[in-house]
Amino acid sequence: MERVREMTKMDYDKYIRLLLLNIARYYPKILSIVKFKPNSIEIALTNRCCCKCIMCNYWKLGSNDELTTQEVKDILNQAKELGCKNCTLYGGEPMLRKDIFELVRYANELGYHVGMDSNGYLIDANAAKKLAESGLESIAISIDAVGEIHDELRGLKGCFDNAITAIQELRKNNVTVVVHSLLMSKTLENENILKLIKFMENLGFPVFIQLLTLTPHHLGNKFNSSFSSSSLTFFGTSDISSLSPYSTL
Ligand code: SF4
């Protein structure tokens, strides 16, 4: 009886493997037959940023190739027609766009659930209220550590205090706020990341820990001289004790 049960499980595993193999083999054909609809769209509004993060080159790229207001609206229209329901606006720092409230409102009026990624530096009480009134539903604010350590990593004095103001003001206006935190050796040392989680817990905000991924999104085509590809060390492949203060897990 035990043997029969074993055989059955083996057969089952075999069929699953075969099924997955065939799905992989015929995936392009399946895609051409089944009409999948996209659910979400993410739009990079700008390369500009008020921060000068050690792990990022976005702020060095300038404002070339920024989409115009009308181009962003056209993209939102087209994505809506394709079936997108969620839209995330990011940058650089999207709050540097003069038309940010107009774009949030436009997306909201098209029926999108509108979200944003921001460093929070430019979101004071007034901006938080205007974002909420424009229809922003959720926002991810980047905070890597408590106080000056965060300012140091982000290359901007006052960044931590402003980000805390931003999350408090946004919450007052019923915008859903989550805190995104990059895991790197600097945030691991002296239990900095744990201190941040504790700090945010006391304020009642969840913290999502992210591993930095090597993408053009952050690194651009030029590497920061103090943060080259060779200094990037990824979680799971590195010896933590050998990391430089800013190498990234
Ligand atoms: S990581 Fe984000 S906040 Fe920092 S410089 Fe790049 S775009 Fe700006």
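Trainee: How are H4 and H5 oriented to each other, parallel or antiparallel?

Mentor: Angles under 35 degrees count as roughly parallel, over 145 as roughly antiparallel, 65 to 115 as roughly perpendicular and the rest as oblique. Axes are lines fitted to C-alpha atoms, for helices over the stretch in contact, with angles from 0 to 180 degrees between N-to-C directions. Helices are DSSP runs (H or I, at least four residues), numbered from the N terminus, as are strands (E, at least two). Here the axes of H4 (residues 100-109) and H5 (residues 125-134) come within 8 Å and cross at roughly 25 degrees. H4 and H5 are therefore roughly parallel. This is a predicted model: local features need pLDDT of at least 70, side-chain atom pairs count only at pLDDT 80 or more, and totals for chains, interfaces and linings use all residues. Residues are numbered from 1 along each chain as its sequence is written.

Trainee: Which residues of H4 and H5 make the contact?

Mentor: Two residues are in contact if their C-beta atoms, placed from the backbone, lie within 7 Å. H4 contributes Phe101, Val104, Arg105 and Asn108, and H5 contributes Lys130, Leu131 and Ser134.

Trainee: Which residues touch the most other members of the largest nonpolar core?

Mentor: Such a core is a set of buried Ala, Val, Leu, Ile, Met, Phe, Trp, Tyr and Cys residues joined through C-beta atoms within 7 Å. Buried means 20 or more other C-beta atoms within 10 Å of a residue's own; exposed means 12 or fewer, partly exposed in between. Of its 43 residues, Ile141, Ala163, Ile167 and Leu170 touch the most other members. Helix H7 (residues 159-172) supplies the largest share, seven residues. Buried residues make up 28% of the chain's 249 residues.
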